[in-house]
Amino acid sequence: MIASAETVQESGAANVFRLLGEPTRLKIVLDLAEKGELNVTQFCERLGQPQPAVSHHLALLKNGGLLEQRRSGKFNFYSIRRDRFQPISDLLGTVNGPSVA
């Protein structure tokens with residue numbers, strides 16, 4: 001069975017919503033949207049959570065394709081892959097639809 005473009009779009013949006021359905025991961029993405037780039041230590045301070053918990057959430061977001069990671073010295077910095085949020089934007093555009101006069 002070949003998936004339609006709508007099915008692929010909905011699947012991508014569902015994956016993003018699933019990853020962001022956990023409050024800590026949503027806060028991580030919102031912080032990155034505001035700050036651009038943060039490292040694990042900065043997330044621990046902002047979230048008030050220990051490094052293993054923060055690293056777990058960052059790994060899920062990265063493996064889900066929502067974050068990029070770069071290493072500088074002993075620090076891992078994370079930023080948003082904005083292109084991965086396009087399925088949500090596209091899906092929400094269909095929700096708005098044409099206005100009824």
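Colleague: Which residue does R46 form a salt bridge with?

Modeller: R46 pairs with D31, and their closest N and O atoms are 3.2 Å apart. A salt bridge here is a side-chain nitrogen of Lys or Arg within 4 Å of a carboxyl oxygen of Asp or Glu. The pair links distant parts of the chain, 15 residues apart: R46 is in helix α3 (residues 40-47) and D31 is in helix α2 (residues 23-35).

Colleague: Before we go on, where does this model come from, and how are things counted?

Modeller: This is a predicted model: local features need pLDDT of at least 70, side-chain atom pairs count only at pLDDT 80 or more, and totals for chains, interfaces and linings use all residues. Residues are numbered from 1 along each chain as its sequence is written, and side-chain values use heavy atoms, with hydrogens and water left out.

Colleague: Back to that pair. Is D31 buried or exposed?

Modeller: D31 is buried, with a relative accessible area of 3%, while R46 is partly exposed at 34%. Buried means under 20% relative accessible area, exposed over 50%, and partly exposed in between, using a 1.4 Å probe and protein chains only.

Colleague: Which residues are linked in a network with D31?

Modeller: K27 and R46: together with D31 they are linked in a network of salt bridges.

Colleague: How many salt bridges does the count come to?

Modeller: Five, by that rule. Among them is E34 with K35, where the closest N and O atoms are 3.7 Å apart. E34 counts as exposed at 58% relative accessibility, and K35 as partly exposed at 45%. Another one joins the side chains of R81 and D83, at 3.3 Å from N to O. R81 is partly exposed, at 26% relative accessibility.

Colleague: What does R25 touch, then?

Modeller: Leaving out residues up to four places away in sequence, R25 touches R18, L19, L20, H57, L60 and L61. Contact means heavy atoms within 4.5 Å. R25 itself is found in helix α2.

Colleague: At what angle do α2 and helix α4 pack?

Modeller: About 70°, with axes 10 Å apart; α4 covers residues 51-63. The two helices are therefore roughly perpendicular to each other. On the α2 side the contact is made by T24, R25, I28 and V29, and on the α4 side by H57, L58, L60 and L61. Axes are lines fitted to C-alpha atoms, for helices over the stretch in contact, and angles run from 0 to 180 degrees between N-to-C directions. Angles under 35 degrees count as roughly parallel, over 145 as roughly antiparallel, 65 to 115 as roughly perpendicular and the rest as oblique.

Colleague: Zooming out, how many helices and strands does the chain have?

Modeller: Five helices and three strands, running α-α-β-α-α-β-β-α from the N terminus on. Both kinds are DSSP runs numbered from the N terminus: helices are H or I with at least four residues, strands are E with at least two.

Colleague: How much of the chain counts as buried?

Modeller: 32% of its 101 residues.
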